[in-house]
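Hello,

Here is the structure for you to look through. My notes follow below it.

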Amino acid sequence: MAEGHIGLIWLAPALWVAVGITAVLVGVVRRYATSRQMLDQPGARRSHTEPTPRGGGLAIVAIVLLGLPLLLLGGYLPLKPGIGLMAAGLIVAAAGWWDDRMGDIPARWRLVAHALAAAIVLFTLGGLPPIPIAGQLVDFGLIGHALAWVYLIWMLNLFNFMDGINGIAGIEAFTVAGGLALMALMLGPYPAVVALGGLIAAGALGFLPWNFPTARIFMGDAGSGLLGLLLGALVLLAAHAAPLLFWSGIVLSAIFWIDATATLLVRTARRERITEAHRSHAYQHAAAKWGHTRVTLLVLLINLVFLLPAAWLLAAGAIPALPTVILITGLLTLLAVCGRAGQSC
């Protein structure tokens with residue numbers, strides 16, 4: 001067995017411990033949130049029908065901020081990206097927890113925090129690497145770095161937007177991070193991608209029993225924002241390790257970024273206030289018709305049966321990158337539009 005695989009074998013037990021610790025911490029946070037009346041109330045712009053504690057994602061924040069230094073000490077992550085992820089994660093988690101604990105903070109201050117965190121991640125990762133297009137590696141220079149910065153900010157926010165029904169955010173984080181980690185292990189191995197992807201997946205898996213199929217606590221802004229940032233960072237880290245993994249990450253996360261982007265564009269075209277809470281994503285329309293559990297399981301099915309195999313073939317170079325990404329984007333955009341993305345439930 002290759003030396004890299006042997007080293008990564010020791011990571012697996014630690015990640016299962018992380019799953020268990022996360023699950024325990026969620027229970028602790030739930031008791032705290034309930035005692036402090038940190039409850040999301042039902043409403044016209046929400047998809048739940050009972051008052052539910054929020055902020056459970058703080059457990060994911062804790063396991064990630066504990067796990068990152070351990071990955072650094074174990075030699076799985078380079079020093080500069082690891083420190084950058086910790087610093088950016090603290091900023092995002094602090095802003096999100098303030099929102100979870102105290103209520104909405106002004107959108108401009110939230111955006112400042114998100115932009116700063118994205119800049120830290122981008123700088124410490126080394127920006128956007130050359131991307132494979134039509135068989136050639138293309139370096140987009142400063143424009144590419146600017147686009148990557150916007151991508152990280154958008155990933156951070158859209159994950160919060162898409163965290164609106166039971167289990168959907170946890171399932172998405174687990175399948176995207178776990179899928180990239182598995183590909184990096186089998187095709188590399190690329191230890192940094194395996195380790196970070198495994199840590200994200202472990203945190204999401206530990207949270208899921210509390211949120212799916214019945215939501216006993218919601219993730220909240222601290223957890224969803226951190227997961228969005230980390231998944232965006234994971235895609236960029238994977239691109240530095242193996243350029244084709246960039247497209248694999250884009251494909252794996254397609255359901256979330258396509259639904260969120262289509263909804264944003266439609267609401268903008270309708271001249272609605274995009275900073276105002278709403279219930280107009282395609283997945284929310286589907287949940288209103290079929291229920292939370294069926295829609296979340298459908299997302300899991302699409303990720304595992306359709307997007308993961310396509311992402312794997314992309315990473316292996318078995319299918320052309322750009323045409324595949326365009327085709328998948330077109331199909332899922334059509335699905336989002338047919339699902340009334342951007343129109344109120």
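Start at leucine 301, which is found in helix α13. Helices here are DSSP runs of H or I with at least four residues, numbered from the N terminus. Leucine 301 is partly exposed, because its relative accessible area is 49% (buried is under 20%, exposed over 50%, partly exposed in between, with a 1.4 Å probe and protein chains only).

Before you go on: this is a predicted model, where local features need pLDDT of at least 70, side-chain atom pairs count only at pLDDT 80 or more, and totals for chains, interfaces and linings use all residues. Residues are numbered from 1 along each chain as its sequence is written, and side-chain values use heavy atoms, without hydrogens and water.

Helix α13 (residues 292–315) gives the patch its largest share, four residues.

Next, look at two helices. The axes of α6 (residues 141–162) and α11 (residues 254–269) come within 9 Å and cross at roughly 85 degrees. They are therefore roughly perpendicular (65 to 115 degrees). Trp154 and Phe159 are among the α6 residues that meet α11, where the partners include Phe256 and Leu264. Contact means heavy atoms within 4.5 Å.

Last, alanine 119 lies in helix α5 (residues 107–125). Alanine 119 is partly exposed, at 33% relative accessibility.

Best wishes

Terms used. Axes are lines fitted to C-alpha atoms, for helices over the stretch in contact, and angles run from 0 to 180 degrees between N-to-C directions. Angles under 35 degrees count as roughly parallel, over 145 as roughly antiparallel, 65 to 115 as roughly perpendicular and the rest as oblique.
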